[in-house]
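Good morning, and thank you for coming.

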Amino acid sequence: MSKDKPKRLRFDINHVYDILGLKPGASVDRVKQAYGQMAKTWHPDCFFEPQRTQRTQRTQRKRRKRRKKSLTELY
């Protein structure tokens, strides 16, 4: 009974350069800079998604109304 070895994923460094939009052989500083820019662009707190923003605004309005209503009921 022979056991099949799991297939290894092949890592291609050129794919990383393509994702970052760099040419292979770019300097370490340039790679760090490109990675930082991409991380900022796609970070969940910074990523602009119009539908999500509208949904958040509606939720905030509802919370303000509820809070205002509860505060007026106190007095």
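Let me begin with a definition: helices (H or I, at least four residues) and strands (E, at least two) are DSSP runs, numbered from the N terminus. What we have here is a predicted model, in which local features need a pLDDT of at least 70 and side-chain atom pairs count only at pLDDT 80 or more, while totals for chains, interfaces and linings use all residues. Residues are numbered from 1 along each chain as its sequence is written, and side-chain values use heavy atoms, with hydrogens and water left out.

The protein chain contains three helices and zero strands, in the order α-α-α from the N terminus. As for confidence, pLDDT is the predictor's own score for each residue, from 0 to 100. Its average over the protein chain is 78, and 75% of the residues reach at least 70. Helix α2, residues 28-42, has the highest mean, 89, whereas α3 has the lowest, 74.

How much of the protein chain is buried? Buried means under 20% relative accessible area, exposed means over 50%, and partly exposed lies in between, with a 1.4 Å probe and protein chains only. Of the 75 residues, 5% count as buried.

Consider next K32, which lies in helix α2. K32 counts as exposed because its relative accessible area is 58%. Between K32 and L20 there are 9.8 Å in space, C-alpha to C-alpha, although they are 12 residues apart in sequence.

G21 is located in the loop between α1 (13-20) and α2. Is G21 buried or exposed? With a relative accessibility of 61%, G21 is exposed.

Finally, we come to R64, a residue of helix α3, which spans residues 50-74. R64 has a relative accessible area of 53%, and is therefore exposed.

Thank you for your attention.
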